Amino acid sequence: MAQSPDITIIIKALNEEEHIEACLRSALAALQGFDGEVVLADSVSTDRTIEIAQRFPVRIVQFASAADRGCGAGLQLGYQFARGRFIYVLDGDMQLDAAFLRRAHQYLNAHPDVAGVGGRLVDTQFNTLADNYRAREYARLRPEQDVASLGGGGLYRRSAVEQVGYLSNRWLSAYEEAELGMRLRAAGFRLVRLADAAVFHSGHNEDSLQMLLRLWRNRRIQAVGVLLRGALGRPWLADCLRQCAFVFAAPVLYGAAAVLAVLAAAGGARWPLALGGSVLAVLGAAWAVQAVRKRSGREALMALLHWHLCFIGALRGFLRRMPDPAEPIPARILADGERSRRQY
């Protein structure tokens with residue numbers, strides 16, 4: 001039996017014809033000096049993604065049905081075909097820094113208690129509140145620090161992943177790396193983020209409102225509810241609640257408004273006016289606090305909208321039935337697996 005490659009780079013993609021060539025070139029270049037392979041997990045792209053990818057010595061796998069599309073499912077699909085002792089997670093709109101892959105590989109070999117190593121994600125455009133928040137967080141990175149999850153990708157130890165069952169929850173449309181981090185940490189492993197630049201990220205050309213509407217339309221905003229439901233009765237439930245605390249912001253505001261309304265009604269105010277006035281007062285106060293913090297009234301309004309949509313989406317996600325996350329995903333192979341393995 002052939003020996004397993006040292007590193008598998010999994011790239012998940014959906015309609016990435018604009019970025020996939022640069023992504024694949026960066027992945028193959030990063031494997032120089034390693035016994036490695038690249039697995040492209042395609043979510044039934046309808047553009048030229050596959051046509052472009054077939055020019056490269058990579059294994060290409062694809063969902064048998066477009067109905068299985070999802071961020072968590074895409075990553076788990078790639079994992080089903082990965083053979084490496086270490087697994088790097090990469091998105092199709094990213095480019096991997098070769099020096100970082102070497103550093104991460106060395107770090108995992110030197111620290112057996114660490115399950116995964118990530119680095120700094122470098123955004124190439126800043127259009128949304130999420131982009132700006134991410135940049136601020138990465139700017140505060142120490143040379144190395146323990147983290148709860150490796151958002152933006154990283155290099156994982158396969159033996160650690162196997163110990164916790166699967167790489168990615170196929171039913172999660174977002175937060176798949178957060179859920180993986182929770183399971184790994186509950187099993188006693190550490191996750192570390194280094195300050196080194198790891199990937200360059202193109203992202204979507206959209207503003208904050210367009211991003212929110214996109215997440216609502218494709219139901220990714222429901223992922224927090226799926227995440228919370230999957231954590232029920234699990235050792236990582238408390239960790240999950242801490243990381244998902246933002247989803248409770250809207251109901252907390254309305255709870256505060258209800259308390260104010262009761263007090264106002266007890267003081268003689270008519271109930272409809274007391275309730276309406278209390279809601280307006282609490283939402284106005286929340287907007288004012290956010291406007292001061294963000295130095296922008298528009299961004300404060302977006303934060304309030306985000307809280308509301310996240311809660312509604314999370315509630316809908318929580319009520320969904322969630323089958324076994326490790327259930328195999330029907331797939332087809334579009335490019336030969338052996339051709340993808342090279343001594344780079």
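**Reading the salt bridges**

Modeller: Side chains of opposite charge can pair when their charged atoms come close. Here, arginine 190 and aspartate 113 form a salt bridge, 3.0 Å from N to O (a side-chain nitrogen of Lys or Arg within 4 Å of a carboxyl oxygen of Asp or Glu). The two lie 77 residues apart, arginine 190 in strand E9 (residues 190-201) and aspartate 113 in the loop between helix H4 (98-110) and strand E6 (114-123); helices (H or I, at least four residues) and strands (E, at least two) are DSSP runs, numbered from the N terminus.

This is a predicted model, in which local features need pLDDT of at least 70, side-chain atom pairs count only at pLDDT 80 or more, and totals for chains, interfaces and linings use all residues. Residues are numbered from 1 along each chain as its sequence is written, and side-chain values use heavy atoms, with hydrogens and water left out.

Biologist: Is lysine 12 buried or exposed?

Modeller: Lysine 12 is buried, as is glutamate 176 (buried means under 20% relative accessible area, exposed over 50%, partly exposed in between, with a 1.4 Å probe and protein chains only). Their side chains meet in a salt bridge of 3.5 Å, N to O.

Biologist: What does the pLDDT average over the protein?

Modeller: Where pLDDT is low, the predicted coordinates should not be read in detail. The average is 91, and 93% of the residues score at least 70; pLDDT is the predictor's confidence in each residue, from 0 to 100. Over residues 339-344 the pLDDT is below 50.

Notes
Contact = heavy atoms within 4.5 Å.
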